[in-house]
Every structure is written in structure tokens, then in C-alpha cells.
Amino acid sequence: MSPPAQPPDQEDSARDVAADPRAEDAAEAHADFDPFTDTDTDTDTDTDTDTDTDTDTDADGLTDSDVDAKSGADPRAEDAAPSMTPGVILLAATPIGDAADAPPRLRRALTDADLVAAEDTRRLRALASRLGVRVTARVISFHEHNEHQRAPDLVRAAQDGARVLVVSDAGMPAVSDPGYRLVRVAADAGVRVSVLPGPSAVLTALALSGLATDRFCFEGFVPRKGGDRARALRALADERRTMIFFESPHRLAATLADMAETFGADRQAAVCRELTKTYEEVRRDTLGALVDWASGGVRGEITIVVAGAEPVVASVVDHVGRVLALADAGARLKDAAATVAAETGLSKRELYQAALDARG
């Protein structure tokens, strides 16, 4: 969780760097603090005793119960998942910018947990303060540099009956953040893992991009070095799904330039900056135009959304040469046409006829 956004000329560049898990100074940004315990006690109790039994009716004359029955929803579902359960590891999403986006369950989880594993303990304390929550649990750091060592400890704590809460700096743990190794270790040990859903920079940027949302893929941070980055992007040149990337602001222009060269300067894309914060900005344009914009310098946390490649329509004319090559190598012309048809999805009959016409 980052502090309130400042005007562009006053933003804290350290947050920009720390947001990138490949940053050279990530070890410092996620310094391994000694675990400590907050001695404050929280005496708040839930006094919600709402006994309202009204049944709303929709435009079709259906009550809430009717709708639940039609959809297969369990009317007890909203009471089915307590905030924290002993012996369970809970991965909790945290706000990506605006603290008001924190769900009520996150507040309860922070209060009820026995052990909190945070990507940055200082930011966790700052978030809890802004939410008006006292964290009385033991708090330990849990980041990319110590996840391998600490995952077994968290699993053992859950096995001993502790309520273990895992949070990252912003968004969902395990999504380009620590957590996936822990889930694997917990699964192997038979320890239950649950999720407290919430804000996601990936889905927020996708929804704002104006690009196709029916099929998409998340690629995380592209490699830092130019050569590695170019190779990674070339591997995605034919990707048909909408692609989502994270990037550091000081590498944005170079990354967009590599994308324009690999995907084409006319490929549609969107750069989403400082999502949910005061200076939120979304730029939708071609990659070529976005390169020009970013060359002047951009600050803040960045998510890039790029349209997928247009489908390439196979042409009989383009593939008749391969049919003839296979035939010249000894295959029967019909068999050669059948082979190329299987490879390309083209009509075997049309390929065969085109090959006959080409032979004269």
C-alpha cells in the first residue's frame, strides 16, 4: 500500500522502483525486519443483529430466493466464509491505491489473524492505520527474497492451528507478488488455503483499456535488459489474446519502443498509470504514438495493455509452393495437398487444384 498520491513533480520515485520485483534495490525495499508483536488489544465486537426479513422482488416478479434457486446460489453463502479460520492460510488482496477499496473482510482479517505475513511490514502498518485497524498479531516480512525459507514456517503455523494472513504491498498475493510458492507448499502439506478477493491492477487496467476482454493473458514484468526483453516480446508476436504487462516508469519508453518494433507501431494499446489514485491516467493509442508520449518521462505505477495479434488468414496461393515441394520430394500430389491442408486448415481440394494449375 503506497501513501496518498502526490503531484507528479513530488511523487516518491522509491515506490516506483520497489513496485518492480526485479528491481536491483528490491532487497533494501523489502528489508527483512525482525518479527514483532503489537501489544495493543482490540475490544471491538460485531454487533450486527439485522433481522430484516424483507424479500425484494425484481422486474420479473422473482424474489431473492427465486433468483438464488434459479442460479444455484446457496442463500447461506454470505455467511459461509468467516474472516479467519484456525488452521487456514488466507491470501488477502489489499488496495492498489485508494484505501477505501479495502473490503470489510480485510479489516476483520487484520484484527482476527494470529500471524500476518506481509511483503513490507511498514506498509502493512501504514495501511492498518489508515483503515483504523489495530493489528495485534505477530507480523513478519514475507517477500520474494525469503518466501522459499518462510513458506514452510507459515504452513507449520497453520498446522498448529494459527490463523495465518498473507498480504502483499498492493493487489493479490501470488500474482506477480510473493505467495505462489507458499500455496504449493501448503497444498503438498494438506493445509487449506483460502482467498480474500479484492483490488487487482491487472483486471482494473484490462477493464479500462478499451481492448478485448474475452480472452487475455498476464505477462507480468518484461525482462529488464534490452536483448532479453526483445526476445520475450518476439515470443509473443503471434499472441491473439489481449496482453497485460507491469513495467517500471523509467523503462516504459524503451519497453513501448520494443513493443512497437515487434508488434507493429499501429497495434492498439493502453498505458494505465496510478490506478485508483488521485492522478490516475489512462492513455489509449497506437504503440507508436505511446512511444512518443512516454519519451517525455512518466511517473507512477504502470500497467500496459496491448491488443492481441490479428488472425492471419491462410491463402491457397501462399501454400501451393509447399504442396509442389512435397510432390517433387516423392509424395503423390494428392497426399502432398492433404499434408498441407492438415497443417494450414485450407481445403485439400483447392490446394490440389492449385497445384495442378501451377504445373500447367
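**Exercise 1. Find which residues of helix α4 are buried, and what they pack against.**

Step 1. Locate the helix. α4 spans residues 104-112. Helices here are DSSP runs of H or I with at least four residues, strands are E runs of at least two, and both are numbered from the N terminus.

Step 2. List the buried positions. They are R105, L106, A109 and L110. Buried means under 20% relative accessible area; exposed means over 50%, and partly exposed lies in between (1.4 Å probe, protein chains only).

Step 3. Look down the axis. The buried residues of α4 fall within an arc of 135 degrees, so they line one face of the helix. The arc is taken from the directions that lead from the helix axis to the C-beta atoms. The general rule: an α-helix has 3.6 residues a turn, so residues three or four places apart point the same way.

Step 4. Name the partners. The buried residues of α4 pack against β2 (89-92), α5 (121-131), β5 and β6 (193-196). Contact requires heavy atoms within 4.5 Å.

A note on the model. It is predicted: local features need pLDDT of at least 70, side-chain atom pairs count only at pLDDT 80 or more, and totals for chains, interfaces and linings use all residues. Residues are numbered from 1 along each chain as its sequence is written, and side-chain values use heavy atoms, with hydrogens and water left out.

**Exercise 2. Describe helix α8 from its start to the residue that follows.**

Step 1. Begin at S200. At the start of α8, one of its side-chain oxygens comes within 3.3 Å of the backbone nitrogen of V202.

Step 2. Go past the end. G210 follows α8 and has a positive phi, near 80 degrees.

**Exercise 3. Work out the strand order of the five-stranded sheet and find its edges.**

Step 1. Write the order. The 5 strands run β7-β8-β11-β9-β10 in an open sheet with mixed pairing. Two strands pair if DSSP finds at least two bridges between them.

Step 2. Pick the edges. β7 (216-221) and β10 each have a single partner strand, so one side of each is left without a neighbour in the sheet. From one strand to the next, the twist averages 15 degrees.

Step 3. Zoom in on one pair. β9 and β11 (residues 302-306) run antiparallel and are joined by 5 bridges. A269 stands opposite V306 in β11.

Step 4. α11 (residues 287-294) lies across β9, β10 and β11, at about 130 degrees to β10. Axes are lines fitted to C-alpha atoms, for helices over the stretch in contact; angles run from 0 to 180 degrees between N-to-C directions.

**Exercise 4. Examine the positive phi values of A174 and T276.**

Step 1. Recall the rule. Most residues other than glycine have a negative phi.

Step 2. Take A174. Its phi is about 85 degrees. A174 sits in the loop between β5 (164-167) and α7 (180-189). At 27% relative accessibility, A174 is partly exposed.

Step 3. Take T276. Its phi is about 70 degrees. T276 lies in the loop between β9 (268-273) and β10 (281-286). With 23% relative accessibility, T276 is partly exposed.

Definitions and conventions
Polar contact = N/O pair within 3.5 Å; in protein donor to acceptor, adjacent residues only side chain to side chain.
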